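Subject: Structure for your review

Dear colleague,

Please find below the structure that I am handing over to you. My notes on it follow directly after.

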Amino acid sequence: RGKQRGPLEERQSAVTEAAPWGRARYEAVKKQLGAVGALSKQYWQYLACKVWQEGCGKVEEEKTSPGPGWSLPLVGQDYLEILSAWYCSFGKCCKTGDCQIINNVTGLELDLHEQLHGQHLAKEVVIRAVRGFLQNPQPQKALVLSFHGWSGTGKNFVARMVAAHLYRDGLKSDCVRVQLEKQISETMQLCEQSLFIFDEAEKLHSGLLDVIKPFVAHSDKGQQDNRRSIFLFLSNIGGSAINEVALDFWRAGRAREEIPVELLEQQLRLEMLQLAENGYAHSRFLEENLVDFFVPFLPLEYHHVKLCARDAFLARGLPYTEAALDEVARMMVFVPKEEKLFSAQGCKSVSQRINYFLP
């Protein structure tokens, strides 16, 4: 009072006097902005607690104390979980060597559907087995999958894809081991969930398999860390038996999608029994039923090879035509000699063959 008002104050006073509703709207906006500021502060405190473990007591106190009519929205918490996980990807926010277990089973299912060609049985078994295992809060043993089929049918491809969708760093993760190494015990102690991949399992010595056996057997109370592990064994054993079944269905005019997995599993077991000198085929893994699922990989046909060629072109950002895809497929060797139905190499070397089409 008695103080000379400036031009801005005079304009604000004029607006208020000319329009009585102006003051009410101003107060409402001011209140909303204050609430937004307080909410942003609470978001920041929550993030700091999750990432740096700072101010957690204050966050808990604010959770229990009556607030100004709002609380931290559930959606906001979800975004903060994502943000904190992103931040932790640049450092170590937990005691384990690689705490970034993502277990993106949905992404795995989508990528298998889009990128794994001609393997409807493998897709179904792998997704069902991995999802069921990860959803089980207290599994009784490690998950053991045994992949069987000809070379080039996708066994390694699926193994790499499983690693990529269960762990942020994929095969480079500290929680993933390819082939047998001395760090199995250390990896299980380091990571609450471990993935072990054994390529060419049929070449593993029986003594090495005996070393692995305690880690995949039903665990006692003192071995609970083993239960959260996944073992993938990749083998060419059974490839001929799988191909014979697929060929019989084709000759009978039946689609490969009609082949039941139970029939192929039976054929796989019969072929293994005939391999008297093979350590994996006659290991205690099979005798004691430690393999949870046999995953059959069917032989690939001409149109599957074309799909692999298409993917190879797209992966390198190259244009393609149907004629080019046909030419790549025709470069492959197909068997048997009469029908020329299945690619003898699967999709291996397809990516190298598109070099012929480079300018």
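In this predicted model, His282 is partly exposed, with a relative accessible area of 33%. Because that value lies between the cut-offs of 20% and 50%, His282 counts neither as buried nor as exposed. His282 is placed in the loop between helix 11 (261-273) and helix 12 (284-287). Although Met272 is 10 residues away from His282 in sequence, the two C-alpha atoms are 7.4 Å apart in space.

The strands deserve attention next. Strand 4 (residues 229-235) is largely enclosed by the rest of the structure, since 7 of its 7 residues are buried. Ser229, Phe231, Phe233 and Ser235 point one way from strand 4, while Ile230, Leu232 and Leu234 point the other way.

Which strands pair with strand 4 in the parallel sense? One is strand 3, over 5 bridges, and another is strand 1, over 6 bridges. Within these pairings, Leu232 of strand 4 is the bridge partner of Leu145 and also stands opposite Ile197. Phe231 of strand 4, in turn, stands opposite Phe196.

Strand 3 (residues 194-198) is likewise mostly covered, with 5 of its 5 residues buried. Ser194, Phe196 and Phe198 lie on one side of strand 3, and Leu195 and Ile197 lie on the other; both faces are covered. Strand 3 also runs parallel to strand 2 (residues 176-178), to which 3 bridges join it. Here Arg177 stands opposite Phe196 in strand 3.

The largest nonpolar core holds 69 residues, of which Phe147, Leu195, Phe231, Leu232 and Phe233 touch the most other members. Helix 6 (residues 120-135) supplies the largest share of this core, with 9 residues. In soluble globular proteins, nonpolar side chains tend to be buried together. Leaving aside residues up to four places away in sequence, the contacts of Phe233 include Val144, Phe147, Phe198, Leu209, Ile212, Tyr280 and Phe285. There is also a second, separate core of 15 residues, and among its members are Cys308, Leu325, Cys347 and Ile354.

Helix 7 (residues 155-166) packs against several of the elements named above. Its 12 residues reach 17 Å from the first C-alpha to the last, close to the 16 Å expected at 1.5 Å a residue. The buried residues of helix 7 are Lys155, Val158, Ala159, Met161, Val162, Ala163, His165 and Leu166. These buried residues pack against helix 5 (105-115), helix 6, strand 1 (143-148), strand 2, strand 3 and strand 4.

Arg353 is found in helix 15 (residues 350-353). What is the nearest side chain of opposite charge to Arg353? That side chain is Glu327, which is 10 Å away. Arg353 has no salt bridge, because such a bridge requires a side-chain nitrogen within 4 Å of a carboxyl oxygen. Apart from residues up to four places away in sequence, Arg353 touches Val328, Met331, Met332 and Gln345.

With kind regards

Definitions and conventions. Residues are numbered from 1 along each chain as its sequence is written. This is a predicted model: local features need pLDDT of at least 70, side-chain atom pairs count only at pLDDT 80 or more; totals for chains, interfaces and linings use all residues. Side-chain values use heavy atoms; hydrogens and water are left out. Helices (H or I, at least four residues) and strands (E, at least two) are DSSP runs, numbered from the N terminus. Buried means under 20% relative accessible area, exposed over 50%, partly exposed in between (1.4 Å probe, protein chains only). Lys and Arg count as positive and Asp and Glu as negative; His and the chain ends are not counted. Contact means heavy atoms within 4.5 Å. A nonpolar core is a set of buried Ala, Val, Leu, Ile, Met, Phe, Trp, Tyr and Cys residues joined through side-chain atoms within 4.5 Å. Two strands pair if DSSP finds at least two bridges between them. The expected span of a helix is 1.5 Å times one less than its number of residues.
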